[in-house]
Each structure stands twice: as C-alpha cells, then as structure tokens.
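Trainee: I have a model open and would like to go through a few of its features with you. Could we begin with how its helices pack?
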Amino acid sequence: MSRSALVGNVIAMLEDAGFLVSDRCAIRPKSFDVAARRGEDTILVKILGNIDAFDGVTGAEMRRLGEYLNATPLVIGLRTRDEELKPGVVYFRHGVPVFSPDTAMDYFLEGVPPLIYAAPGGLYVNIDSDVLADAREERDWSLGKLANELGVSRRTVSKYENGMDASVEVAAALDDLFEEPLTSPVNVLEEGEDVREDDSMPEEPEVDPDDERIVTVLTRVGFDVHPTNRAPFKTVSENEGVEDRVFTGHSELNEAARKRARIMASVGRVTRTRSVYVVERATRDSLEGTALVEESEMDDIEVAEDLRELIRERGEEPA
C-alpha cells in the first residue's frame, strides 16, 4: 500500500469514528500528518508505512506539541524493517505510542482498546492487581501456591498484586487459572503515560532569528511562546490567564505562506487554537482562514487582547 493510500484510509477511519479531522499537513518537514478531535480527546497523528522512519527529532516535536495543545501524539504504521506491527499491541518510538491501522480501527471505531504494549524485554499486559488479589483469596490460595502454578517466585506474585505488569505468557496463564480476565486495557488517550517510556519532556528548539521580533512582542504582552521546528506554524503561544492559544506563522506572502495558513486554520479548528500569519505587507485581511497581520501592526500591540481582537476581526474563530 502506498503511503498516500494509507494516509487516506486512516483519515477516512477517523472520520467514520466521529473525529473532526484537519487538512493533511502537506508541507515538509512535518511532525504530524493530521490533527483530530472527538469530544474532549485530541490526537496528533503521524502516518507511516515503516515506523523506522520516525526519528527522534520528530518524536520530540510531537511530544512538545501534545503538551502545548492538550493532545495525544500517535504514530499509525504498518511495519518495522523486521516485521509487521502486531494487532492489539501498542509500541513506543521516542516516547510516542505507535500501533497498526487494525489496532487503531479496533480502538477508535469499535471501542476496543489494545491490551498489550511492547517494552524492552518483550510484550506486557496491565494486570488488574485488585482483581488478581481477590481471585487468589477467593480460592484460598497463598502467594506461594499461585507462584508455583505460574512458575515464578512468591515475590513476583506479590509485585503483580502491587501493580507490576506481567508478560503476555504470564497474563495468559492467569486467565487460564482463574477462568476470568485479569487484564486491563492500555487506554492510550487516558493512561498512556503509565506505560510510556520514562523520558523527560524534550527541550524546545531555539527561536529562528527571523522570528525574534514577533516572539518579543508576544512575550511582552503576556504569552508563553513555544518555538517549533517541524510544524506548519512557527510558534505556539499560550496565555494561561484566559486559556488562550495562538499559532503564529511568519514569512513573505507567497504560495508557501498560503499553504501554511490553510493548514494552520484547519489544525486550529481541531485544537481550538487561533491562528495568525505575520507578513511585511498584507493585501487582504486573512489568508485561507488565518488572520493576516503586518509586522508594523505587531509592533503596536500593547496587550494580548489587541492581538485577539485583530484575529477575531480578520480570521476564523476556532470551533
């Protein structure tokens, strides 16, 4: 399957599952392909045939954007260099969860989350420790008795009952012994941090020197400004006092700017984020739904509300 067809299939699946899906980010370099939202769940999705192409720089950018936009970064892919991705398994690359289109379909369309996650050493399952302890006590089994049945140490069984996850083989043996499911699913959107690689949040990239003038204005009027390096926008700015976010673009007013402005507006509708594109001289009020503001106008902004007012007048309001 070509990557273009794979992207189209994933987008169609998300729409069938009730997600509002952004336009595809058809620019390079890019950290994600689409943003999507269903209810209060927002995801940033990278779609790849071979997930080995997902590098650390892109992973770091997706994790930062997820933090800024209250979104879950995800990679949906078909294979690695060595094997096809297994159905029902969540993998991780550079701290970002990865799974196959079939797993995504089960999760988003059928409401069946994956049960297994891959980590160093093999495949693991979340054990519901309370259910396990109750099931053991109902049979009047000691820790030692269960340990013998599983072929593990008494200490290991104690760890399972205190929240340690088990290998797929042990989880299957537990299900057979007690004739009831003792596992809990990996709910990536709500609990992914529980099984995520224990990496600290990646540091932000440096501000592009060409954008320092814009960043200075945004900072001066009260925004926390986060530079990006592989997103369709130059910065994500947050004004926590009013729960406000702004995407900022900055370049000459040309065809590339038009493409970026369209994507910014589309991603903004999904993530509930305003978008503004700063140019030297504007010949219109907006570009593809994104407000256009001249550099000289930015210099005149005194408070954050001034920028919000310009965006309301000229651009599209996020959903």
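Trainee: Which residues in α5 meet which residues in α7?
Mentor: This is a predicted model. In α5, Leu146, Glu149 and Leu150 take part, and they meet Val170, Ala173, Leu174, Leu177 and Phe178 in α7. By class, the contact of α5 with α7 has seven nonpolar residues, one charged residue and no polar ones.
Trainee: At roughly what angle do the axes of α5 and α7 cross?
Mentor: The axes of α5 (residues 143-150) and α7 (residues 168-178) cross at roughly 115° and come within 10 Å.
Trainee: Is that crossing of α5 and α7 left-handed or right-handed?
Mentor: The crossing of α5 and α7 is right-handed.
Trainee: What does the UniProt annotation say about residues 132-189?
Mentor: An unreviewed UniProt entry annotates residues 132-189 as "domain: HTH cro/C1-type". In the model, the chain over residues 132-189 is 60% helix and 7% strand. The end C-alpha atoms of that stretch are 25 Å apart.
Trainee: Changing topic, where is Ser275 placed?
Mentor: Ser275 lies in strand β14, which spans residues 274-279.
Trainee: Is Ser275 buried or exposed, and why?
Mentor: Ser275 is buried, because its relative accessible area is 4%, and the cut-off for buried is under 20%.
Trainee: And which residues does Ser275 touch?
Mentor: Leaving out residues up to four places away in sequence, Ser275 touches Phe247, Met264, Ala265, Gly289, Thr290, Ala291 and Ile311.
Trainee: With which side chain does the side chain of Ser275 make a polar contact?
Mentor: The partner is the side chain of Thr290, at 3.0 Å.

Conventions
Residues numbered from 1 in each chain as written. Predicted model: local features only at pLDDT ≥ 70, side-chain atom pairs only at ≥ 80, totals over all residues. Heavy atoms only, no water. Helix = DSSP H or I, 4+ residues; strand = E, 2+ residues; numbered from the N terminus. Buried < 20%, exposed > 50% of the residue type's maximum accessible area, 1.4 Å probe, protein only. Polar contact = N/O pair within 3.5 Å; in protein donor to acceptor, adjacent residues only side chain to side chain. Contact = heavy atoms within 4.5 Å. Axes fitted to C-alpha atoms, helices over the stretch in contact; angles between N-to-C directions. Left-handed = near helix turned anticlockwise from the far one by under 90°. Nonpolar A, V, L, I, M, F, W, Y, C, P; charged D, E, K, R; others polar. UniProt positions renumbered as here; feature names shortened; annotations may be inferred.
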